[in-house]
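Please walk through this structure with me, one region at a time. The sequence and the model come first, and the reading follows.

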Amino acid sequence: MQLYEEISSRKKTAEAADKVNKYFQNLINISPDPIMITDSNAIISWANDAFHSMLGSPAGSLVGKPAYDHYVFE
């Protein structure tokens with residue numbers, strides 16, 4: 001019974017974390033400012049709609065690509 005309760009608790013925690021993550025992604029996505037998130041190698045892992053609009057690229061098309069290929073950092 002204890003194992004079931006622990007699994008159930010972890011599942012609820014994961015669902016809550018997913019809900020919060022989606023909330024913040026939506027919040028950032030509606031920002032009029034271009035925002036992108038990269039990993040430590042400057043590979044784009046996420047970019048909001050304003051960032052895609054700034055570059056004229058379709059939503060989601062930049063994920064997995066090097067940031068330096070699409071944006072000049074000054």
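Which backbone nitrogen lies 3.1 Å from a polar atom of the side chain of Ser31? The backbone nitrogen belongs to Asp33. Bear in mind that this is a predicted model.

Start with the setting of that contact. Ser31 sits in the loop that runs between helix 1 (2-29) and strand 1 (36-38). Its relative accessibility is 19%. Buried means under 20%, so Ser31 counts as buried. Now leave aside the neighbours within four places in sequence. Ser31 is then in contact with Asn48 and Ala50.

Step back into helix 1. Ser9 is placed in this helix. Ser9 has a relative accessible area of 40%, so this residue is partly exposed. For a sense of scale, take Ser9 and Asp39. They are 30 residues apart along the chain, and 30 Å separates their C-alpha atoms.

Helix 1 also holds Phe24. The relative accessible area of Phe24 is 43%. That value lies between the cut-offs of 20% and 50%, so Phe24 is partly exposed. Tyr23 has a relative accessible area of 51%. Exposed means over 50%, so Tyr23 counts as exposed.

How do these two rings meet? The model has 1 aromatic pair. The pair is formed by Tyr23 and Phe24, with ring centres 5.2 Å apart and planes at 80°. An angle over 60 degrees counts as edge-to-face, so that is the label for this pair. In general, the distance of the centres and the angle of the planes describe a pair of aromatic rings.

Both residues belong to a nonpolar patch on the surface. Its members are Val20, Tyr23, Phe24, Leu27 and Ile30. Together they have about 530 Å² of accessible area.

Move on to the strands. Ala42 lies in the loop between strand 1 and strand 2 (44-47). What is phi at Ala42 near? Phi is near 65°, a positive value in a residue other than glycine. Most residues other than glycine have a negative phi, and most peptide bonds are trans. Ala42 has a relative accessible area of 12%, so Ala42 is buried.

Helix 2 comes next, and His52 has its place there. Is His52 buried or exposed? His52 has 4% relative accessibility, so it counts as buried. Which residues are in contact with His52, leaving aside its neighbours within four places in sequence? They are Ala47, Ser57, Pro58, Ala59, Gly60, Ser61 and Leu62. Ala47 lies in strand 2 (44-47).

The relative accessible area of Leu55 is 33%, so Leu55 is partly exposed. Leu55 and Pro34 are 21 residues apart along the chain. Their C-alpha atoms are separated by 9.6 Å.

Notes:
Residues numbered from 1 in each chain as written. Predicted model: local features only at pLDDT ≥ 70, side-chain atom pairs only at ≥ 80, totals over all residues. Heavy atoms only, no water. Buried < 20%, exposed > 50% of the residue type's maximum accessible area, 1.4 Å probe, protein only. Phe/Tyr/Trp six-rings, centres within 6.5 Å; stacked < 30°, edge-to-face > 60°. Helix = DSSP H or I, 4+ residues; strand = E, 2+ residues; numbered from the N terminus. Polar contact = N/O pair within 3.5 Å; in protein donor to acceptor, adjacent residues only side chain to side chain. Contact = heavy atoms within 4.5 Å. Patch = residues over 30% accessible without salt bridge, like charges linked within 9 Å, V, L, I, M, F, W, Y side chains within 5 Å. Areas by Shrake-Rupley, 256 points an atom, 1.4 Å probe, with all protein chains shown as cover. Salt bridge = Lys/Arg side-chain N within 4 Å of Asp/Glu carboxyl O.
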